[in-house]
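Please view the structure before reading on.

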Amino acid sequence: MNDRVPVIVFVGQPNSGKSTLFNAIAGFKAQTSNFPGTTVCHAHSEVAWKDRIYSIVDLPGTYSLTPQEPQEKVVLTHIFKERPDLIVNVIDASLLCRNLELTVELLELEYPMVVVLNMMDLAEKKGLTIEVEALEKKLGLPVIKTVATRGQGTRELMDRVEKVLAERQTPRHLKYSGEVESRIKKLTERLPADFPVIANPRFTAIRAIEAETLAVDKFILDNNPDFKNDLDQVRQELSALREAPAYEVLAAERHHLALKIFEDCCRVRHARLSGLEKLDSFIMHPVLGLFLLLLVFAGMFYLIFRVGSPLEAWLLKPWEALRLGIQEKYGQNLLAELLVGLVQGIGGGVAIVFPYFIPLLLLMGFLEDIGYLARAGFLMDAFMHRLGLHGKSVPLFILGFGCNVPAIMATRILESRRDRIITALLIPFIPCAARTTIILALVAFLLGPWWALGFYALNLVVVAVLSSLLTRIFKYSSPGLILEIPGLKWPSLKNILQKTYFNLKEFIRFAWPILIAGSVLLSLLSFVNFDRLVNAILSPFVSGLLGLPSELGVTLIFGFLRKELSLLMMFQALGVGYEQLLSVLSRAQLLTFVTFVSFFIPCLSTLAILWKELGRKIAMVSVLLNLSVAVLVSWLVRLAFSLF
Amino acid sequence: MFGHRKEQTEAWPLTGRVCTLLDVPQGRKFRIVEIKGGPGLHRRLLSLGFHRGDLIALDGEALLGGPVLVKNLNSDTRIALGRGIARKILVEPADENER
């Protein structure tokens, strides 16, 4: 073996626990959840095992090697172009039968490979007994049992990876039935000499047959007219054999191989309906399920408010005292102003963000981990159709309540570009954890929980109205819903904590320093009267149109970095402490400002991800859309208050 | 346990009768006879492990023309399908003891 770092890719069907396994091996790196399609771009890590370095790549889940969603194409690029040294095929053992179809397909590459039976605990609970030796023999591959959530089996896996690489073991593909195999062989022999071979000639021939009706097909054939005749003939022969399109014939061959292996290596004891399955029939019930969905979200926000509100009041006290103390001691000089800015920046993070942010992240992590998001998609599909989208967007919107950025990345699971664009344009209107924090900390804390709930409802109405408008502009029917509903599972505390930590780290590393620096900077600017200039420029808009104190103008600039900054910095801009806010702002003004800031522009990281995922044009459309909605809605809020 | 559709005991099973996935009662075994519709839909269902000849059962449905929940009894997986798609899947009743 040479000194080059071997590249190992994790390939498996969505929701088979690749990312959890990857995390167990590589530390806190990738995001996981119980929702198919969480890993939308690949995570990568260098891992040291017994004096050797391995480069491990966690690829998005894919059901097959025929790509259909944009995220699945990432997998193919990795496997075909950047030929890996070894494939770790991660299988959800509780869904062994279907997962084996991909295994059979991967085997055809004849790359060094190790199969991981993950979620063994779940499989056993389901009454599945898998004979590993028999499975190894059938597949001609090493098979390792793991429970990634508990880190079980990871050492055995790495040992096996090392051994397979050292001995350069390459597997052999499994044989289809004779009549199909002979046609593939015929085509393999006719492959033109200059034909781009992927992995091996047989695999390439299979790919070519299956490319029927895909865009790549035309590309292959335009360059090879002679081959076209051979290919067409083979396709026709295959099609005639089973009275089905050629691609289905091959898929059915793999399906039957998988079924056969499953029957030979597995015993199924019919387990009693578990508590979870009973719970699931309740969650998925057409009426009770919807009721529960409503209850879950209302309960979630109520809980966060009940936890956050007293905690916030308690945490605010020392910072408020410190601020007053500084002002009393040093008066109105530069140093004092800067210190006050610092205290408000740090205190804002501790006292306002943490009491709400952490509970929200924990609860969102819990819902994701048990597999509730896909179920919400199922229940809401009918409503989403009325808004021109379908249920597959629902889990993305719910993810957006946590943070807009991963939600926009996850739009890759949508098949049509039209749905992707609309969903990605709508996500920035979903109040993310940071904005929810503000809504709870300001609106609920100062005006009462009903106002916060009302604001939330307004927010959702805005999303619904926009959705029906946008889907009317981008016409053509949305493809129907096809969404896998993963099994409900008990939450893993480790997974939830990891995810919360992951999101919190982002806040502590990125947002909080900006908040503190911004707060200090604002003190400095106001000391040299620069903020007055900005306020004067924005004044016609801020006080003219929205009827707010013109001092708030300067905070909007910070709002572009992160939306919660504008709201946190309003105290400093207005020169009051948290609890005295209502002495300088009226209820109407507070709500108008919160409305405007919530919508006015996607925050910097959301904008960056929009740009990267869907291009500059869509990112610009998003900015314009947000700005116009913010102006319109906050003006309406102002109007409503002046009328009633 | 919470299935809201009533068991239609009289009419089923009528072996050999082909109908769409939308017309079948919940909980009974059916066999996929044909998947109509374009190659895109067809491939998608194939890759999710729904093939011709597989045993399936309707496991639930959402309100107001929402999707139906289909369970593949061969591979023990569940998918939600919009009604437009469910209409394109033709099934025939299967013997309750078949596997």
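Helices and strands are DSSP runs, numbered from the N terminus; a helix has at least four residues and a strand at least two. The model described here is predicted.

In chain A, the loop between α3 (96-107) and β5 (113-118) holds Glu108(A). The relative accessible area of Glu108(A) is 1%, so this residue is buried. Leaving aside residues up to four places away in sequence, Glu108(A) is in contact with His173(A), Tyr176(A), Asn200(A), Arg202(A), Phe203(A), Ile206(A) and Arg254(A).

No disulfides are found in the whole structure, over all chains. Such a bond requires two cysteine sulfur atoms within 2.5 Å.

| Cysteine | Closest cysteine sulfur | Distance |
|---|---|---|
| Cys97(A) | Cys266(A) | 8.6 Å |
| Cys265(A) | Cys266(A) | 6.8 Å |

For Cys97(A), the distance is too far for a bond. Cys97(A) is buried at 3% relative accessibility, and Cys265(A) is buried with a relative accessible area of 1%.

Chain A contributes 51 residues to the contact with chain B, and chain B contributes 37 residues. Between them the two chains bury about 3,600 Å², with 61% of it on carbon and sulfur atoms. Three salt bridges are counted between chain A and chain B. In a salt bridge between Lys126(A) and Asp76(B), the closest N and O atoms are 2.6 Å apart. On the side of chain A that touches chain B, α11(A) supplies the largest share, seven residues. That side comprises 24 nonpolar, nine polar and 18 charged residues.

Conventions. Residues numbered from 1 in each chain as written. Chains lettered and ligands numbered in written order. Predicted model: local features only at pLDDT ≥ 70, side-chain atom pairs only at ≥ 80, totals over all residues. Heavy atoms only, no water. Buried < 20%, exposed > 50% of the residue type's maximum accessible area, 1.4 Å probe, protein only. Contact = heavy atoms within 4.5 Å. Buried area = accessible area lost by both parts, 1.4 Å probe. Salt bridge = Lys/Arg side-chain N within 4 Å of Asp/Glu carboxyl O. Nonpolar A, V, L, I, M, F, W, Y, C, P; charged D, E, K, R; others polar.
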